[in-house]
Amino acid sequence: MLEYIYILPLMGFAAAGLIIAFGRHLPLKGASLAILVSSWAFIHSSGFTVGQYKISMGVYVDSLTLSMLIVVAAVSLMIQIYSVGYMKGDKRFKRYYAYLCLFTASMTTLTITDNMMVFFMGWELVGVCSYLLISFWFEKPEAAYAGKKAFITTKLGDLGFLIGLLLLFSVMDTFKLSEIFSRAQAGFLSIHAATLICILLFAGAIGKSAQMPLFIWLPDAMEGPTPVSALIHAATMVAAGVYMVARLYNLYLLSPLAMEIVAWIGAMTAFLAATMALVAYDIKRVLAFSTISQLGYMMLGLGVGGYYAGMFHLTTHAYFKALLFLGSGSVIHALHTNDLREMGGLMKKMPVTYMTFMAGSLALAGIWPFAGFYSKDEILVWALSHNTWIYLIAAVSAMLTAFYMTRLIVMAFHGKPRNQSKYHHSHESPLVMTLPLVFLAVLALISGWGLNSGRLFEKVLNATVPFLPEMRIHVSHMKIALASTGLALLSIFAGVYLYAVKPEIPEKLKANLSSLFSMLDKRYGFDAFFLGLVKVSDFLGRILSRLDFDFIDQIAIDGWAYLTYKLSAIKAWFDDNIVDGAVDGTGYLTAFCGRIVRLAQTGFVQNYLLFIAAAASFFALIVFYH
Amino acid sequence: MPLLTSTIFAPMAGALAILLIPGKNKKLIQFLAVLTSAVAFFISVFLLAGFDKSSTSMQFVENCAWIPAFNVNYVLGADGLSVAIIILTTLLTLVSIIYSLNITERIKEFFFWFLILETGMLGVFAALDFFLFYVFWEIVLVPMYFLIGIWGGPKKEYAAIKFFIFTLFGSLFLLLGMLALYFNSIPHTFNFLELAQNSSAFSFKFQVIVFIALFIGFAVKIPLFPFHTWLPLAHVEAPTGVSVILAGVLLKMGSYGLMRVSMPILPLATKYFLPALGIITVINVVYGSFVAMAQKDLKKMVAYSSINHMGYCMLGMISLSAIGFNGAVLQMITHGLITGSLFLLVGVIYDRAHTRDIDAFGGLGAKLPVYAGFMTIQAMASLGLPGLAGFISEFLSFLGAFKVWPYLAGISVIGILITAAFFLRMIEKVFLGPFNQKWAGLKDMDARELISIAPLAVLTLLIGLWPRLCLDFIDPTVTALAEMFK
């Protein structure tokens, strides 16, 4: 059965092609033929051979693959159903579904492949789907800009990924996962090579999974349709970086330094993003910052040795974050605004959305018995056993998480409506949208407990990596759970107090601490830094372009031509005056001599006789005196 | 049937036939031009069918004496290095001629020169005798000069002369190198294969000198920094169909020459010059991409991106490994397809809007969805999106080069980022954002344009998904070439 798993991505690619081709536009029939032919080619290609190397398109299936695959499939399905309602009446409905299919197919390819080159292909393809879907409503300049920003920012990380892959290949001579693992175990990799490769590959994950400092693209990516944000920018694609680290955990374990970097980047990301979420007013952006923060959590978990912890959090987070995004989509669908300051009191109008959103939020805040409690707990345990500082950062971030989610819920669903006309027109979303919400809410409630019970998930997952690290010191699960639940409850109360009971306090704080708020609003200047980088490279481009045209082309090349031209003019002058002058001069001289000599040719015999007599006397005198 | 000779001279026969038709008979001339290039294309497809993929030796060899007194022979042959490029040439000529059916000025001369050009190019790729190679090499120049100079844009005469002088300058060195090889081989020969077999007889010093001479000839064509400044000018001024041929085929004459002539005949010098070649390669990749990013003219941007992409091709070559060579040859093919289509697509919008200023458009994606789709696909292919042809060749080139030149390859990846940046910016400015009402009258692509552009897009996708389509032909030959350098 498993050997046919490649059919999964294939169906997606085929579906994408068929939708594009057989929408209402029949003239595209030619394209559909092309797509069918390509699909056929894809099926029949068992890779290719270059020199002694063979690149093949095989699959590598273990429990890690399956756990990721289930997440991708389940969330994809929910989003596809939900989108029927959300995208109803959109003029590019057909194209939307084609892109979604293409995405799911690429994501599945990346998940099941046994080959790092194919992994990279899937990795880039999901990036392009993300680009296409972020700028899906491309008439909006912000959407167009956000798509480009996402693509180029992740591409920056991908450069590291690419170099890492090249290095991996030049050391290992293979892209096949199984061979990479066995060769890594056999000691093909020095510790330095392993460190370098892992850090370079991680650069790709920093881009794709929106880690510090490349996380700047994800908040802007919220310009895309909300179901897309749920699928790509919360549950699956952004988790691909985490999946990559987990997939290559065998390599990462070889390098303590790389692991440490993963952990610290994750921790910093988790904290910074959580603080940025505190001041955002766009409901989707709050969730986006939260996603970044949670992805940081997963990285942190993997980095401190919690292999199962990271993947566990990836799984539960996929469900409850997709749920939260879909819930926010339901709100946006009803109100036609993203701004929290225009919401309020929606609890009564949208009960299903409210209840499910609540479930998602509690899961995110880590309240028992919701899913996030179990997975976050697992990460915190590993963090504490590894390094107290990392634990503290993670714990504070968790607190902040509970706080900003409370803020969001209070502002959106409780209190009095701030915008009466919008409130008046709002309504609960149709069944096709609420059904996925309910399904995901159930998962947000039970997936943590379910996967954790009997620690079955842990066992099957841990079986995929042969030499997992043990915890350095034993940490009590119970104590951690109590501590984090206490902190979460504390911040929930604080949130309720600040935003529901005394809403004037945050306003005052904002006025008094405006520099802090604006720093958070400006995302600590990371955006400005990268914009500066863009400006610098643009400047460099312009300088080089000027150099190319003004100097190399106009001065060096055309100048040479000009000199040649001038030189030939001088030659022409020389030719005209000196060479030709010499020739003419010779002629003139000859003629001149001729004229002189001609004077003697008088034609009179007497003169000739006189010359002969004079000459004869002259010679006679010479002979005589000699 | 001598397949190669038929492929090469079918266009010339068509050209001569066109000369006999009165100029008023425009439809007939156009029909004949399309027919001839189609015939050449179909004959060349037979090459694929008869090609033995497992063999590393020359196939379809034709050999007869031409000037026996000097041992000059008419020798043709095809192997993995040339067979795909030959088909690329016939295909690109066919689609360019179809696209050029919109030419209204002096049709007869246009198609005459175009078909003569095809004969010249095909001859270059099939010739195995240096003398014959040189003759074809020079034949290419003349039609190109007229095609740019008569049917080009505002600065056509300047561009044509610059192209001609630049290339002629290179040819001069090529001629010297050729004669040096001839007079130093015993017995005197022009045959590539015989020269390569006797390469050990050439002293190192001799190889170095001849390599420099040949290199200048080829570098101008590729073009390598700093011999590249004819390219943006010629590409921009040339009419659309001719730009396609310039970028798609003419540039490959240089890279092909390096792999067919310089490398096998002068292996010692090749190794000696590798570091220098590597540095030029990196300059081509990085510099080309940065300069492309600064361009406001769509066509100029694509032209400079060619400098960057030929840099990837060089990157594969300097690895001297089977992987890199595969990448380099495949890059020649994919660059031909992708950049060829990009030039056609630029032509489509220029024919309608009469401007190529990237900033002049906006939101065209809503109005011209088919056009936007093709442009996006080819831009993505050019920036190396997996699943499209450009990815495989670039990746293989990098893979080969990284093993030998990790730092050079590492720096070159900047080119990938910058390429992505300027193509995405172009897409954003031209197709996305609010629709610019100025272009409300624009129409989407018509049949002529679709027929010329769609086949290239299909191949771009097909090779991207199934690179074996090309690599199976290329691999044995270049693996044998790489063996030489071990």
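Which helix of chain A does A:Tyr96 lie in? I looked this up to get started, bearing in mind that the model is predicted. A:Tyr96 sits in helix 4 of chain A, residues 93-112.

**Entry: around A:Tyr96**

Next I checked burial. I count A:Tyr96 as buried, because 21 other C-beta atoms lie within 10 Å and the cut-off is 20 or more. Then I listed its contacts, skipping neighbours within four places in sequence: A:Ser83, A:Met87, A:Asp90 and A:Phe136 came up. I also looked at A:Pro225, which is 129 residues from A:Tyr96 along the chain. Their C-alpha atoms are separated by 9.5 Å.

**Entry: a helix pair in chain A**

On the helix 11 side, the contact uses A:Val242, A:Val245 and A:Ala246. Helix 14 of chain A brings A:Leu295, A:Met298, A:Met299 and A:Leu302. By class I got seven nonpolar residues, with no polar and no charged ones.

**Entry: chain B overall**

For chain B I noted 19 helices and two strands. Its C-alpha atoms fill a box of roughly 70 × 60 × 40 Å along the principal axes. Of the 486 residues, 64% count as buried. I also took the contacts in chain B between residues at least 6 apart in sequence, and 81% of them join residues at least 24 apart.

**Entry: where chain B touches chain A**

The contact takes 51 residues from chain B and 44 residues from chain A. Several helices of chain B each supply at least two residues to its side, among them helix 13 (322-353), helix 16 (389-404) and helix 17 (406-431). Which helix of chain B gives the largest share? I found that to be helix 17 of chain B, with eleven residues. By class, the chain B side has 36 nonpolar, ten polar and five charged residues.

**Entry: helix 17 of chain B**

I stayed with this helix and checked its length. At 1.5 Å a residue, its 26 residues should span 38 Å, and the end C-alpha atoms are 38 Å apart, so that agrees. Helix 17 of chain B is mostly covered, with 19 of its 26 residues buried. B:Gly433 follows helix 17 of chain B, and its phi is positive, near 80 degrees.

How values were computed
Residues numbered from 1 in each chain as written. Chains lettered and ligands numbered in written order. Predicted model: local features only at pLDDT ≥ 70, side-chain atom pairs only at ≥ 80, totals over all residues. Contact = placed C-beta atoms within 7 Å. Helix = DSSP H or I, 4+ residues; strand = E, 2+ residues; numbered from the N terminus. Nonpolar A, V, L, I, M, F, W, Y, C, P; charged D, E, K, R; others polar. Expected span 1.5 Å × (residues − 1). Buried ≥ 20, exposed ≤ 12 C-beta atoms within 10 Å, placed from the backbone.
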